[in-house]
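Dear colleague,

Please find the structure below, together with its sequence.

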Amino acid sequence: MESSDSKRFFSMELLGWYRKARRDLPWRRSRDPYHIWVSEIMLQQTRVDTVIPYFNRFVDRFPSIERLAEAPEEDVLKHWEGLGYYSRARNLQAAAREVAEQYGGVVPSGKKEVSGLKGVGPYTAGAILSIAYNQPEPAVDGNVMRVLSRYFCLEDDIARPSTRIGMEGLAQELIPEGEAADFNQALMELGALICTPKSPSCTECPVTDMCLARLQGRERELPVKTKAKKAKPVYRFAALVEGTGPHAGKVLVRQRSETGLLARMWELPHIEVSDADAWEDSSMGKQRLETALADDGVRIQAKEQIIGEAQHIFTHLIWNIRVLPAVAAEEYVADRTAYEWVGPEQFENYAWPNVFRKLLTEYFIRAMNS
DNA sequence: AACGCGGGGAG
DNA sequence: CTCCCAGCGTT
């Protein structure tokens, strides 16, 4: 069998399958390039089911590029809360401002222009150009690499950038004339619904008859991907500083730095200790917390008692956090803008990483019941 | 090329 | 537990 026949079969069968099997997703209800763009950013490393409610809230609150461009950055971040990879939100708004100023508020349809937008890489550029503008550009993500690896029995390591480059060439060849939008989505839809990572549903697959991996019984061995290394545990103490007087019923929180991990999100003030042994010593935690906050101009008195514990898991890091109670000293000042008092009424106005949302919610509920 | 960056669902 | 998801930016 000629390879070109195999390719034609793949493209035609896949497209036919997609016309019937495509899911009704919010961003498929129009070809509004802005909606396509927002959805593609949200879908980076994030499942469809997770994205749907975020997408609906986001386009409801920011219905146009202009409205997104003019919104307060805090507001954008708030609508991203819980979705992860927060630089996506910051980059999306920066890019929206660029589109508003440079391109008259219209998502550009040129490859160079789209690729130049912040947060838009090779995959997202291809997705926007093909889905919104039906241009024959490949959009190669994890789904596509898995599908192509299996169908063509390709053993290249998909963790390597060079493999993605090669797949882009192949994926572009496969696009039927004038069908870029549906075909690219069909490829990803197959990867998401049928050609899944662990146990592909080959009996329901429209291209199973010519899938080389399937014919060799090797579909579960592909794609080849080198492993990432294990996440490293770190240990931290957080202070739950209860306010008094004008701050009664409130808790002291602070905003994280402009860049890096969880940029600009809010947290309980906390410090990192050297290892698991140090984490067992809450009297040291108390001392370290008081000293560290004093360095920030915040005078507090902590206790050794542990009133909360939580874990936050990142790809590369695991935070283990123990919470110690504290009160602000008489001469508490802290004119640092990073620190604020927050009560249950203001809680939802701040963007929290899940771990601090959990700890604070627990605290406020306990406080309310006592 | 390697690493940092979140959170959640599936097996 | 592990894997991995409609990846990108930085170094």
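I begin with the largest cavity, which is lined by 15 residues; Arg150, Cys195, Cys202, Cys205 and Cys211 lie nearest its centre. The model is predicted: local features need pLDDT of at least 70 and side-chain atom pairs count only at pLDDT 80 or more, whereas totals for chains, interfaces and linings use all residues. Residues are numbered from 1 along each chain as its sequence is written, chains are lettered from A and ligands numbered from 1 in the order in which they are written, and side-chain values use heavy atoms, with hydrogens and water left out.

Cavities

On a 1 Å grid over the protein atoms alone, a cavity is a set of points where a 1.4 Å probe fits but cannot get out; a pocket is an open set with protein on both sides within 12 Å along at least five of seven lines, and lining residues have an atom within 4 Å of a point. Points are joined across faces, edges and corners, and a volume is the space filled by probe spheres set on them. By this rule there are 3 cavities of 30 Å³ or more.

The largest cavity has a volume of about 120 Å³. Helix H9 (residues 142-151) contributes the most to its lining, with 3 residues; helices (H or I, at least four residues) and strands (E, at least two) are DSSP runs numbered from the N terminus. The lining of this cavity comprises 10 nonpolar, 2 polar and 3 charged residues (Ala, Val, Leu, Ile, Met, Phe, Trp, Tyr, Cys and Pro count as nonpolar, Asp, Glu, Lys and Arg as charged, and the others, Gly among them, as polar).

For the second largest cavity the volume is about 70 Å³. Glu73, Val76, Leu77, Tyr86, Ala89, Arg90, Ala263 and Arg264 line it. Helices H5 (73-80) and H6 (87-102) are the elements that give two or more residues to this lining, and H5 gives the most, with 3 residues.

Pockets

The largest pocket has a volume of about 1,600 Å³. Its lining has 43 residues, of which Gln45, Asp141, Gly142, Asn143 and Arg146 lie nearest the centre. Helix H11 gives the most to that lining, with 6 residues. By class, the lining of the largest pocket has 19 nonpolar, 9 polar and 15 charged residues.

The second largest pocket holds about 690 Å³ of space. Among the 21 residues lining this pocket, Leu83, Gly84, Tyr85, Tyr86 and Phe314 are the closest to its centre. H6 and strand S6 (308-313) each supply at least two residues of the lining, which divides into 9 nonpolar, 11 polar and 1 charged.

Helix packing

Helix H1 (residues 3-21) packs against H9 at an angle of about 140°, with the axes 12 Å apart; axes are lines fitted to C-alpha atoms, for helices over the stretch in contact, and angles run from 0 to 180 degrees between N-to-C directions. H1 and H9 are therefore oblique to each other (under 35 degrees counts as roughly parallel, over 145 as roughly antiparallel, 65 to 115 as roughly perpendicular and the rest as oblique). In H1, Ser6, Phe9 and Phe10 meet Val147, Leu148 and Tyr151 in H9, where contact means heavy atoms within 4.5 Å.

The axes of H1 and H11 (residues 180-193) come within 9 Å and cross at roughly 75°. These two helices, H1 and H11, are therefore roughly perpendicular to each other.

With kind regards
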